Amino acid sequence: MAETVHLIVDQGPSKGQKLTVPADGARVGRSSKNDIVIEDPLLSRHHCRLFFKPGDGLWVTDLGSANGTLVKGSPITEVPIRVGDTVTIGDTVLKVLSDSVGAGSADAGNKEKKPQEAAKAISPVVDLGLKSEKEKVEILQKKSPVGFLIAGAVLAIVVAMVIWMPKLLKGGKTVKPLPPPAAAQNLELEYEKVIANTGNVFRYTLTITTNDVISVQIDDIKNDRHVRKEKPMSSEYTKSLAKSIIDAGFFSLQDEYQGVQPDMLEQWDLSITIGKQTHRTRVINRIEPESFSAIREKIEQAGKNELDLFAMETSPEKLTQLSRDAHLMGKKCYDEREIKYGNLALALKNFKEAETYLETIEPKPDFYAENLAMITDCKRLLEDKYNDQSFRVEQARRRGDWDEAAKELRILLEMIPDGGDQRNKDARKKLLDVEKHLEKKR
């Protein structure tokens, strides 16, 4: 059965991407841990969630994203969306094509394919122009008793062409074969970028291991900024990256591209192993080949998506100002924590954001210590409020007061808006159960 396309990326870096929302909902963001991954640097790692309410169609809820979620141009917390509505997240605009539950699972571009389809997706199709020969063989087999012998002769010619033609085309050098489909799932990668002149040395290294762990090390000598980060990636994201590398033609690149720039070093060094195929290419002091550039950008984008490396692309002065702004916003939300249920969580989010901006900054600014103290205080208060609210929920459920239980659970979800938080997940499960009881009452 064909999948129902619920939304399409109408504007943004992933324009044209089609999204299908499963019956139990899908989390959207730039991290590979989401059900639907959209490569937009302005998206939060976990930006929003799309889900269906029984009898009320498709809804969207913001997951405490940095830039917010807008429906028809207005910021939202949680609202229904209907056919024709637009949902803006970062630089991406989604257009709603269907608001009812349909067949299929999450975004076809982000979910695992059937084994046969996955093999086709990973393996590049190389047309040797032999299809018509095969058809001729089949016809001969049907028309003549000696068809089998003719088929064998044609097959021998084909095998000889496959073995010797690459050597002839490359002047006796065998063309490196592309990795087989199954091997494309096993990616190992080492990438280094060095930009050095008389005033500074900037070094960026990224590795992906065979067990899907990505790590980055960045050293910016002039600005005294040093970053070390590491985390596991989803195997689906690794497979997708491997396929992109193959499709871009990395294994056909030369070993080295070298130019000359006085008093300057710009070097990109990339080694990739996919299955049993290994290749290394270096580009030194010259414009990168187009296919190399496309692969390098994909790899660097993976580092940004998975490890939040925004800080290294921004000046220390700008980072300090961004941190101060986030800190002040956090204090405002903290002071207004009794006005809206979600303000305490929003305060915590801003204080954490302020801390992240200062990760590579030394020495730390004067508000840094206060910011750390506010993070601790927010976590404690939020846990206390969560426990109190959970107690109210359980009281209502024990009484069988399902309307009250649903009301208290919605308050709980507003208090803990992050869909990746286990407390939010537990509350959503309970709310689904409560809504079933309410349906029976009707």
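In which strand does Leu58 lie?

Leu58 belongs to strand β6, which covers residues 57–62. The model is predicted. With a relative accessibility of 0%, Leu58 counts as buried, because the cut-off for that class is under 20%.

Leaving aside neighbours within four places in sequence, the contacts of Leu58 include Leu7, Val21, Leu50, Phe51 and Phe52. Pro80, Ile81, Arg82, Ser98 and Asp99 are also in contact with Leu58. Gly25 is 33 residues away from Leu58 in sequence, and the C-alpha atoms of these two residues are 9.1 Å apart in space.

## The six-stranded sheet

An open sheet is built from 6 strands in the order β2-β1-β11-β10-β7-β8, and the pairing is antiparallel. The edges are formed by β2 (18–19) and β8 (74–75), each of which pairs on one side only.

Strands of a sheet pair through backbone hydrogen bonds, either parallel or antiparallel.

## Helix α6

Helix α6 has 20 residues, 316–335. At 1.5 Å a residue the helix should span 28 Å, and its end C-alpha atoms are 29 Å apart, which agrees.

Which residues of α6 are buried? They are Pro316, Leu319, Leu322, Ser323, Ala326, His327, Gly330, Cys333 and Tyr334. These residues cover an arc of only 140° around the axis, so they lie on the same side of α6. An α-helix has 3.6 residues a turn, so residues three or four places apart point the same way. Glu317 and Asp335, on the other side of α6, are exposed. The buried residues of α6 pack against strand β15 (225–232) and against helices α7 (343–357) and α8 (368–399).

## Aromatic rings and charges

The count of aromatic pairs comes to 3. One of them joins Phe250 and Phe251: the ring centres are 5.6 Å apart and the planes meet at 80°, so the pair is edge-to-face. Both Phe250 and Phe251 are buried.

Charged side chains also lie over ring faces. Lys53 sits over the face of Trp59, at 3.6 Å from the ring centre. Arg428 lies over the face of Phe51, at 5.4 Å from the ring centre. Phe51 is also among the residues in contact with Leu58.

Definitions and conventions:
Residues are numbered from 1 along each chain as its sequence is written. This is a predicted model: local features need pLDDT of at least 70, side-chain atom pairs count only at pLDDT 80 or more; totals for chains, interfaces and linings use all residues. Side-chain values use heavy atoms; hydrogens and water are left out. Two strands pair if DSSP finds at least two bridges between them. Helices (H or I, at least four residues) and strands (E, at least two) are DSSP runs, numbered from the N terminus. The expected span of a helix is 1.5 Å times one less than its number of residues. Buried means under 20% relative accessible area, exposed over 50%, partly exposed in between (1.4 Å probe, protein chains only). The arc is that of the directions from the helix axis to the C-beta atoms. Contact means heavy atoms within 4.5 Å. Rings of Phe, Tyr and Trp (its six-membered ring) pair if their centres lie within 6.5 Å; planes under 30 degrees apart count as stacked, over 60 as edge-to-face and the rest as tilted. A charge sits over a ring if NZ of Lys or CZ of Arg is within 6 Å of the ring centre and within 35 degrees of the ring normal.
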